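Here is a short report on one protein model and the molecules beside it. Look at the sequence and the 3D view first, then read on.

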Amino acid sequence: MSKPVLYVFGLSVWSAAAELAAAELYPENAIEYKTISLLNGENFAPSFIDKNPNGTIPTLEAEGKIYTSTAQVTSYLVKNAPTSVKAANAELIETIHADKYDPNFMLLLSRNDEDFKTKANFAHVYLGNPALEKHSVLPEAEAHKSFYEGKLASNGGLLALFKGEAPPAAKDDLFAKSQAHFDNVKSFLYGSLLSYLPESGFIGGNIPGEDDYHVCAWLTRIVASVGGKSKDDSLAAVEKAFGGPVPSKIVSYWGAWTGRSSWTKVYASLH
Ligand SMILES: N[C@@H](CCC(=O)N[C@@H](CS)C(=O)NCC(=O)O)C(=O)O
Ligand SMILES: *[C@@H]1O[C@H](CO)[C@@H](O)[C@H](O)[C@H]1NC(C)=O
């Protein structure tokens, strides 16, 4: 039987959730990894959209089937692993993937002109990727016309803002939306997330369970998005950004994850 193929990218938050699951549960050579560079827009190639109509990673091909969301990919990896771990709490998975807590938006989040300047470079590279348009005009792209139209419109709209081509009111909208997002993330991190976390160890017990891969990936991105660069400086960065001491459950959870070899493997740099 051929190996499962996991499509990943080293800077992707949700790819990291699947990579953590793979590193925790499978021997080194049990899974074939294929890198899809989001910075080069490889996820916009029609051949990739054929596999995942949303053009997102992680994506998994296994036993003739294809899994197109983080929840599906991770769930497959857990169910088919040689060892068993605690299965997911569907409510937590849905919550942590909710738009209001979207960890990817943290990279573009601009609450004021200073943020806006800091994020502009990434916004230009990511949203203005010429690969999207290039792939969209290929004959093979025809079958995915609505995907390309939607993506060009949404990326283009936000890019116009960062290029200073949009009306000032649109920029104010971005600032307001960003402030609301920041507040949502803060209230989750300092509030409702804690109800799912144990005092020590993992949601899955002494070892991480299915929920923990998602929560770790989300938390590590939040830490990275506020300037955390290593496991040791990270909580100080969180405290400074959100203006409050990090809750003890988060401190303990961060320590539990960052002590694992899977975390060290996936997070050579925080992302
Ligand atoms: N809801 C999807 C989101 C996955 C997602 O947003 N993946 C990002 C990387 S973390 C991606 O591939 N983005 C590329 C894009 O949206 O163009 C899931 O849970 O799998
Ligand atoms: C694409 O994304 C949407 C919105 O997140 C989701 O409802 C849909 O199931 C996804 N499609 C696939 C094939 O994963």
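Predicted model: local features only at pLDDT ≥ 70, side-chain atom pairs only at ≥ 80, totals over all residues.

Residues are numbered from 1 along each chain as its sequence is written, chains are lettered from A and ligands numbered from 1 in the order in which they are written, and side-chain values use heavy atoms, with hydrogens and water left out.

**Ligand 1.** Ligand 1 sits in the largest pocket. A pocket is found on a 1 Å grid over the protein atoms alone, as an open set of points with protein on both sides within 12 Å along at least five of seven lines. A molecule sits in a pocket if more than half of its atoms lie within 2 Å of its grid points. Around ligand 1 there are 15 residues, counting those with a heavy atom within 4 Å. The closest are S12, T56, I57, T70 and K151. By class, the shell has six nonpolar, eight polar and one charged residues. Here Asp, Glu, Lys and Arg count as charged, Ala, Val, Leu, Ile, Met, Phe, Trp, Tyr, Cys and Pro as nonpolar, and the others, Gly among them, as polar.

**Polar contacts.** A polar contact is a pair of N or O atoms within 3.5 Å.

| Residue and its atom | Ligand | Distance |
|---|---|---|
| N43, polar side-chain atom | ligand 1 | 3.3 Å |
| T70, polar backbone atom | ligand 1 | 2.8 Å |
| K151, polar side-chain atom | ligand 1 | 3.1 Å |
| N54, polar side-chain atom | ligand 2 | 2.3 Å |
| T68, side-chain N or O atom | ligand 2 | 2.8 Å |

**Ligand 2.** P53, N54 and T68 surround ligand 2. Taken alone, ligand 2 exposes 360 Å², and the protein buries 33% of that. Such areas come from the Shrake-Rupley method with a 1.4 Å probe.

**Aromatic pairs.** How many aromatic pairs does the count come to? The count is 16. Rings of Phe, Tyr and Trp (its six-membered ring) pair if their centres lie within 6.5 Å; planes under 30 degrees apart are stacked, over 60 edge-to-face, and the rest tilted. F44 and F147 form a tilted pair, 6.4 Å centre to centre, with 45° between the planes. F44 lies in the loop between β2 (32-35) and α2 (46-51) and F147 in helix α7 (residues 145-162), so the pair ties together parts 103 residues apart in sequence. Helices (H or I, at least four residues) and strands (E, at least two) are DSSP runs, numbered from the N terminus.

**Backbone.** Most residues other than glycine have a negative phi, and most peptide bonds are trans. A cis peptide bond joins I57 and P58, with omega about 5°. P58 is in the loop between α2 and β3 (59-62). E63, in the loop between β3 and β4 (65-67), has a positive phi near 45°.

Methods: Polar contact = N/O pair within 3.5 Å; in protein donor to acceptor, adjacent residues only side chain to side chain. 1 Å grid on protein atoms, 1.4 Å probe; cavity = no way out; pocket = protein on both sides within 12 Å on 5 of 7 lines; lining within 4 Å.
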